[in-house]
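Dear colleague,

I am handing over the structure below. Please look it over before reading the notes under it.

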Amino acid sequence: MAANNNSSSNNEIESTDQVGIRIEAATNTDDLTDAFGSVGTSSTSTSTSTAYKQSHFGSGAIGQLASNGYSSSGYHKHVAKMVTERHAAEYNMRHKNRGMAIIFNHEHFDVPTLKSRAGTNVDCENLSRVLKQLDFDVSVYKDYRYQEIMSTIKYAASQDHTHNDCILVAILSHGEMGYIYAKDTQYKLDNIWSHFTANHCPTLAGKPKLFFIQACQGDRLDTGVTMQRGRTETDGDSSMSYKIPIHADFLIAYSTIPGFYSWRNTTRGSWFMQSLCAELAANGKRMDILTLLTFVCQRVAVDFESCTPDTPEMHQQKQIPCITTMLTRILLFSDKEKSPAGRN
């Protein structure tokens, strides 16, 4: 649940960063969090089994995949079309289409303890715009219930992605450690991305599968550390075919690290989505995705700080995104050829 802030400011200070995007400073008093629960209240307790799994595997992307019983026992021969040479440095982004971009935007909830997420529509509109500029086929789904989300994901995974470069899924919602909220209930994130593993969706095998998650991952706060200047300063051979792991080529970008709040401004949107959209707009076709996300992390870490003076324990807090990558090559959204026939 987002922490409320009733203060307002009529003299917001804004600065311009290196690519001309306005970044809010600490006088904007409309900052909220995307957590379930409130400050000083623990998240819902997990079962003994869940706690055991999390203690061994963690509750992040990799931990969730491991704890859900994905095993190598049994032999199943899965075959998919090779879309990139074995030791190619970059992903093949020369297919006819960029691919699907699915955005689940959650503003209102049926769960009584979850408050509406003011500012999320700004995030959704900005993200949709920049993804279209990168040639994605964007679909937005507003306030979907869990079963509606799963139906949408299963349908997307069942499609033929042969002529697509990749797939992207963004989820904007409330969350807690290891879980995210649909309109009506919570669910684990691996319920989404597990449908796109190479064995389940062979036409995306060897292609990037990107997930952007704007949600809290807990209720801890990051007070930050003040940085001050010191008193002194000084200046093989490729084979015809090859096998890949079924979980290869995933990237999951979380707005915050496990256990911590994720902040959202009620008028400008979340810190993470503001930063991600700014970088995609300025550098989406110039920088590879991991370099770009490094600068997203820099924006969030350096340019944002919560301003909630009426709630001192939430005031002047910081945030850092968390990137989990299983990518095996450089990913760059190069320009699409505009020829009628396109290219496979």
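Predicted model: local features only at pLDDT ≥ 70, side-chain atom pairs only at ≥ 80, totals over all residues.

Residues are numbered from 1 along each chain as its sequence is written, and side-chain values use heavy atoms, with hydrogens and water left out.

Helices (H or I, at least four residues) and strands (E, at least two) are DSSP runs, numbered from the N terminus. Helix α6 spans residues 271–283. Its 13 residues reach 18 Å from first C-alpha to last, close to the 18 Å expected at 1.5 Å a residue (1.5 Å times one less than the number of residues). Eleven of the 13 are buried, so α6 is largely enclosed by the rest of the structure. Buried means under 20% relative accessible area, exposed over 50%, and partly exposed in between (1.4 Å probe, protein chains only). Among the buried residues of α6 are W271, F272, Q274, E279 and N283.

Helix α7 (residues 289–303) has 15 residues and reaches 20 Å, close to the 21 Å expected. Its buried residues are I289, L292, L293, V296, C297, R299 and V300. They cover an arc of only 160° around the axis, which puts them on the same side of α7; the arc is that of the directions from the helix axis to the C-beta atoms. D288 caps the N-terminal end of α7, with a side-chain oxygen 3.1 Å from the backbone nitrogen of L290.

The whole structure holds eleven aromatic pairs. Rings of Phe, Tyr and Trp (its six-membered ring) pair if their centres lie within 6.5 Å; planes under 30 degrees apart count as stacked, over 60 as edge-to-face and the rest as tilted. Y146 and Y187 form a tilted pair, 5.4 Å centre to centre with 35° between the planes. This pair links distant parts of the chain, with Y146 in helix α4 and Y187 in strand β9, 41 residues apart. Both Y146 and Y187 are buried. Elsewhere, ring pairs link W193, F196, F211 and F250 into a cluster.

Two residues other than glycine have positive phi. D249 has phi near 75°, sits in the loop between β10 and β11 and is buried at 3% relative accessible area. Q316 has phi near 55°, lies in the loop between α7 and β14 and is partly exposed at 43%.

Regards

Key: Polar contact = N/O pair within 3.5 Å; in protein donor to acceptor, adjacent residues only side chain to side chain.
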